[in-house]
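Please read the points alongside the sequence and the coordinates.

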Amino acid sequence: MQAEPNQPPPAAWQPFTARGVAAFAQARLGRLLTVQFLFALLVAASVAWFLHHAWVPVLDDAVNRLPDQSEIRAGVLDWRAASPVLLAENRFLAVAVDLDHTGQVRSPAHLCLELGRHDLRVYSLLGYLPVSYPTRLWISLNRPAALPWWGAWMPVLLALSAALTILVLFLAWAVLATLYTLPVWLVGFYANRQLGLRASWRLAGAALMPGALFMALMILLHGLGAVDPLRLILALAAHLLIGWVYLWMSPLRVPHIPGADLSHSNPFATPGTT
């Protein structure tokens, strides 16, 4: 079987196909970063939408049900209302006060914030995480003080969550692309492809984008109630597998090295094929 003649890679603009991902190997770094930023915006938008759709209404209700006088001082919650009490809940989030953590107001919500006398407990499918109150801060945990604070800071917190999502994604993509560079380079080396280490890093970075888009979709479906927390965790693992598929296929779409012996350009083919 004769190898196909070398063809220049298409312009790097979409990472949805193996050839589209391969095109980023020959593109400038700025092109890859631009595409990654657009995908990061999509994921950040899905995270901000989920928080606004699933968590903000519960926190709104919880703030409105705070007592007129309550505070956290010297690491101790001074709660001047009934306890235990469930302040607000939906399927995603619950907020409760149980000073002694007696377990009388547990909620079936995916995540439960339970304020105790000395700490906040965060309950989830994985168990609970205790968070001690700061001993050097005074927190006015009452309705007159919390309502204006929450009203002013809620949009800012949503924006910060989106910005933090973008930052975390770029850091994670940089680390993963670095880890995947050597395997991508080895595939390209044995397949006689034009892949240096820098080009392999760019290709690896582009190969992560389809999985990121898949994860953004899963977050939206989770917020709509179509995907439960367990399936969301499985989707988190699946989005890495999607990247691995592109990492395997895309180096073989990079142009051959000019003048290379193409009779053995495919290291996985049987003798006599390319």
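1. Asp78 counts as partly exposed, at 28% relative accessibility; here buried means under 20% relative accessible area, exposed over 50%, and partly exposed in between (1.4 Å probe, protein chains only). The side chain of Asp78 meets that of Arg80 in a salt bridge, at 2.9 Å from N to O. A salt bridge is defined as a side-chain nitrogen of Lys or Arg within 4 Å of a carboxyl oxygen of Asp or Glu. Arg80 is likewise partly exposed, with a relative accessible area of 46%.

2. On the basis of the note: this is a predicted model, in which local features need pLDDT of at least 70 and side-chain atom pairs count only at pLDDT 80 or more, while totals for chains, interfaces and linings use all residues. Residues are numbered from 1 along each chain as its sequence is written, and side-chain values use heavy atoms, with hydrogens and water left out.

3. The backbone oxygen of Asp78 also lies 3.0 Å from a polar atom of the Ser70 side chain. Ser70 is buried, with a relative accessible area of 4%, and belongs to strand β1 (residues 70-73). Helices (H or I, at least four residues) and strands (E, at least two) are DSSP runs, numbered from the N terminus. Leaving aside residues up to four places away in sequence, Ser70 touches Leu77, Asp78, Trp79, Arg80, Ser140, Leu141 and Asn142, where contact means heavy atoms within 4.5 Å.

4. Which strands make up the open sheet, and in what order? The sheet has three strands in the order β2-β1-β8, with antiparallel pairing; two strands pair if DSSP finds at least two bridges between them. β2 (76-79) and β8 (138-139) stand at the edges with a single partner strand each, so one side of each has no neighbour in the sheet. Two bridges join β1 to β8, and Trp138 in β8 is the bridge partner of Arg73.

5. Arg73 also meets Glu71 through its side chain, in a salt bridge of 3.2 Å from N to O.

6. How many salt bridges does a search of the whole structure find? The search finds six. One of them links Asp68 and Arg143, whose closest N and O atoms are 2.5 Å apart. Asp68 lies in the loop between α2 and β1 and Arg143 in helix α3 (residues 143-190), so the pair ties together parts that are 75 residues apart in sequence. Asp68 is partly exposed at 48% relative accessible area, and Arg143 is partly exposed at 27%.

7. Helix α2 (residues 29-64) has 36 residues and reaches 49 Å from its first C-alpha to its last, close to the 52 Å expected at 1.5 Å a residue; the expected span is 1.5 Å times one less than the number of residues. A kink of about 45 degrees lies at Trp55, shortly before the proline Pro57. The bend at a residue is the angle between axes fitted to the seven residues ending there and the seven starting there.

8. Asp61 lies in helix α2 and is partly exposed, with a relative accessible area of 44%. Its C-alpha atom is separated by 5.8 Å from that of Ala88, 27 residues apart along the chain. Asp61 touches Leu87 and Ala88, not counting residues up to four places away in sequence.

Definitions and conventions. Polar contact = N/O pair within 3.5 Å; in protein donor to acceptor, adjacent residues only side chain to side chain.
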